[in-house]
Each structure stands twice: as C-alpha cells, then as structure tokens.
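Subject: Structure handover

Hello,

Here is the structure for your files. My notes on it follow below.

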Amino acid sequence: MSRLRRFGLLGALALVGCGVFSSPTTPPSPAPCGTPTALTMIPGFGLAAKAGPLAMRDWPDGPDATIRNWRPGTLEKVLLIQIESAPSFSVRGSRCGDGRTLRFWYRTTGPAPVGSNPTPIPDAVFAAMGDDVVVFDGGPASPPDRMTSLPGYMLFTSEGDWRIDVRSGETLLGSAILRVQRGG
C-alpha cells in the first residue's frame with residue numbers, strides 16, 4: 001500500500017472515530033408538559049382553558065383541562081373562541097410524550113366528519129382526517145355579550161397529556177395542556 005493511501009485511510013478512520021461520518025443521533029423525546037391547565041372563568045363563555053388569546057371549553061367538571069371519559073376512536077368536541085385582541089394566529093397540538101401531531105376538525109363548511117355512528121374510528125383514519133392547524137384571522141376580541149365560539153373536534157388518538165400551542169408567525173402567544181383520560 002502506498003504511503004499516500006495509508007495516510008488517507010488513517011485520516012478517514014480518524015474522522016469516523018470523531019463522529020463526522022457516524023449516523024446522526026435520534027432527537028430527544030419532548031419533555032413532559034406538566035399538569036393540565038387550570039380553568040379560568042371567561043365571561044359569556046364559561047370555564048375554559050386559556051392559551052394566549054384563545055380559550056377552549058369541554059370540561060364541565062373542572063378544576064382543570066382534563067377531558068374525562070374519552071373513548072379511543074371518538075371525536076372530542078371542544079369549543080374554541082378568541083377572547084383577547086390579537087394578530088392572526090394558528091393553533092397546533094401535539095402529544096406530550098412523543099410529539100405526535102394532534103389533528104383538528106374545525107371547518108365552517110361541509111358536513112361533520114361522522115354522523116352519530118358509535119363505532120370507533122381507527123387511528124389510521126384519524127391520522128388522515130381533518131387538519132394539523134386551525135387558523136384564526138385575529139383582530140379585536142368579541143364583547144362577552146356577542147361571543148360566538150368555533151365548534152369543532154380534536155382528534156385525540158390516545159389518553160395522556162396533549163399540548164396546544166397558539167402562535168402568531170413564529171411567536172408563541174400561549175400554550176395549554178389538556179389531559180385526556182379514558183372512560184370506564
């Protein structure tokens with residue numbers, strides 16, 4: 001073996017040993033989200049979990065944003081409303097343990113995703129249904145006596161903690177943690 005080839009081989013081995021050619025490490029899993037968001041009384045809307053200019057409601061039992069009696073393969077109705085003045089913003093969600101995207105069905109036109117059929121929807125169907133973001137035009141908040149909520153569904157695929165982030169562009173306006181508990 002020529003002297004030049006030996007130096008080339010030694011150099012390549014040194015680079016591999018330093019990690020230049022090694023496979024990338026897997027990214028760390030998301031950190032735990034913490035406890036469910038405490039509920040706040042929103043005049044004209046009721047008890048709600050607040051995330052920046054957005055309020056969410058579907059937990060009459062309080063005191064926090066825990067969805068009780070959830071069943072796999074079911075749609076979870078959660079009302080959304082803009083309660084503070086804000087520029088346009090988007091709403092996204094993810095499962096706290098692994099970052100899996102939460103899908104939404106907040107469409108103002110067209111039929112609801114399913115009728116009154118009690119048959120559970122398979123996870124693979126949930127993964128393709130709805131949208132991964134809900135967009136609000138922003139602007140001033142509605143006065144309490146004229147508040148209208150955006151009815152729709154969150155498509156949870158498992159029990160556990162889910163993080164809802166509200167952003168205007170890259171700026172985080174607020175977050176809420178929703179806990180989903182399986183029903184009996």
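A nonpolar core here is a set of buried Ala, Val, Leu, Ile, Met, Phe, Trp, Tyr and Cys residues joined through side-chain atoms within 4.5 Å; buried means under 20% relative accessible area, with a 1.4 Å probe and protein chains only. The model is predicted, so local features need pLDDT of at least 70 and side-chain atom pairs count only at pLDDT 80 or more, while totals for chains, interfaces and linings use all residues. Residues are numbered from 1 along each chain as its sequence is written, and side-chain values use heavy atoms, with hydrogens and water left out.

Cores

The largest nonpolar core has 27 residues, and Leu54, Met56, Trp59, Leu80, Val91, Met154 and Phe156 touch the most other members. Elements giving two or more residues to this core are β2 (46-51), β3 (54-57), β4 (66-70), β7, β9, β11 and β12 (171-182). A second, separate core holds eight residues, including Phe45, Leu79, Ile81 and Met147. Leaving out residues up to four places away in sequence, Leu54 touches Ala49, Leu80, Ile81, Ile83, Phe89, Val91, Phe136 and Val166 (contact: heavy atoms within 4.5 Å).

Strands and pairing

The protein chain has two helices and twelve strands. Both are DSSP runs numbered from the N terminus: helices are H or I with at least four residues, strands E with at least two. Along the sequence the pattern is α-β-β-β-β-β-β-β-β-α-β-β-β-β. Two strands pair if DSSP finds at least two bridges between them.

Strand β7 (residues 89-95) is mostly covered, with five of its seven residues buried. Three bridges pair β7 with β9 (residues 134-136) in the antiparallel sense, and Phe89 has Phe136 as its bridge partner in β9. β7 is also joined to β11 (residues 160-168) by six bridges, again antiparallel; Gly93 stands opposite Ile164 in β11.

Elsewhere, three strands form an open sheet in the order β5-β10-β8, with antiparallel pairing. Its edge strands, β5 (76-77) and β8 (103-105), each pair on one side only. Two bridges link β5 to β10 (residues 153-155), where Met154 is the bridge partner of Glu76. Met154 is also among the core residues listed above.

Whole chain

Of the 184 residues in the protein chain, 37% count as buried. Among contacts with a separation of 6 or more, 71% come from residues 24 or more positions apart.

Regards

Technical notes. Buried < 20%, exposed > 50% of the residue type's maximum accessible area, 1.4 Å probe, protein only.
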